Amino acid sequence: MNFSRIILEWYELNKRLLPWRNTNEPYLIWLSEIMLQQTRVAQGIPYYLKFVEAFPEVQDLASASEEKVLKLWQGLGYYSRARNLHATAKIITEKYNGKFPNTYKELLELKGIGDYTASAIASICFNRPEAVVDGNVYRVLARYYGIDLPINSSEGILYFKELAKEIMDTGNIRDYNQGIMEFGALQCTPKNPDCSRCPLQPACIAYTHNKIDVLPVKIKKNKVRNRYFNYLVLLDENNKTLLQQRKGNGIWQNLYEFPLLETEQYIDQGEVTANLKDLVALEEPSEIYLYNENKIVHKLSHQHLHTRFWIITFEANLENGIQLAELHKYPVPVLIADFIKTFKI
DNA sequence: AAGGCGGGGGT
DNA sequence: ACCCCAGCCTT
């Protein structure tokens, strides 16, 4: 039996029932695909359900505020996905009359849709013969065919895409594409795959050559940057505080946070006080203290954020201040959300 | 071609 | 700690 036939049979027996598995509607498939980029299915599901409820159709998403979209996305990470999602919803609504284009090429033009997502939507929704190559597919193909070309090199990306095209089953592209990904997620797992009960085992090069644990090959370049964040949690006489929206490049674009003093190392209370005037145009707090006695190190893929929250009270009234009870309405990074959850005056 | 971009879960 | 996750965009 050939590769694609085995995948299809395995998929029929082992596929999970997922919220987007009972539809081919482009809006719903698109939404799920964007959410699942670099994200585990289990993490994405609750977000998918929230979005479908809040925005049943693409027009609902298009007419929402970016702030509302980001708020619903809060905690899922890679927030450019949410911003691009919103922008593309507007394009679909206004330029495409609410209907997604049905070719790989046109889909690829949309913001946040790259090679993988364009192929996924074109095949799943429109039965187009396009090959999907995600992290699962790289792993399955690298092992089954014994390919040690780095999956994240330019050469590797082209090679695996071509290979995927050659072996795909165009007769049932919908199930085949979802099947090979599901196979990678559940059977051909990154660590400790159970090869003893794998239907591809007899012809798997990695298995027969004992190279399961070295394939796929990936060039790694994980350098962690240490940053030191001092968040100024201002409190005025009416228990109002200040939030700012992050702008420009970098992490958490368009999300909110407390006024931030970033430094090269940990700093003490005196240094925080000295910077108050420049940062928030305020001086002489009536009280200032470090909120978190224990170290907070918020870890992103490439950054460790050594964070201190300073509580700073004033006998004054903050213009543009926000009541503490209103903080939960703003889209914030998990680091800030965790603080708000535990913060008691 | 390389780097940046989150957060969570598994080992 | 390190790796990976239904990747994409910018430089």
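A polar contact is a pair of N or O atoms within 3.5 Å; within protein, one atom must be able to donate a hydrogen and the other to accept it, and residues adjacent in sequence count only if both atoms are side-chain atoms. The model is predicted: local features need pLDDT of at least 70, side-chain atom pairs count only at pLDDT 80 or more, and totals for chains, interfaces and linings use all residues. Residues are numbered from 1 along each chain as its sequence is written, chains are lettered from A and ligands numbered from 1 in the order in which they are written, and side-chain values use heavy atoms, without hydrogens and water.

Backbone N or O atoms approach phosphate oxygens of DNA strand C at glycine 112, at 2.6 Å, at glycine 114, at 2.8 Å, and at glycine 135, at 2.9 Å.

Around DNA strand C stand 28 residues, of which Gly112, Gly114, Thr117, Asp134 and Arg139 come nearest; a residue is near a strand if one of its heavy atoms lies within 4 Å of it.

In H11, ten of the 14 residues are buried, that is, under 20% relative accessible area (1.4 Å probe, protein chains only). Among them are Ile173, Tyr176, Met181 and Phe183. The buried residues of H11 pack against H1 (3-14), H8, H9 and H10 (154-167), where contact means heavy atoms within 4.5 Å.

Key: Buried < 20%, exposed > 50% of the residue type's maximum accessible area, 1.4 Å probe, protein only. Helix = DSSP H or I, 4+ residues; strand = E, 2+ residues; numbered from the N terminus.
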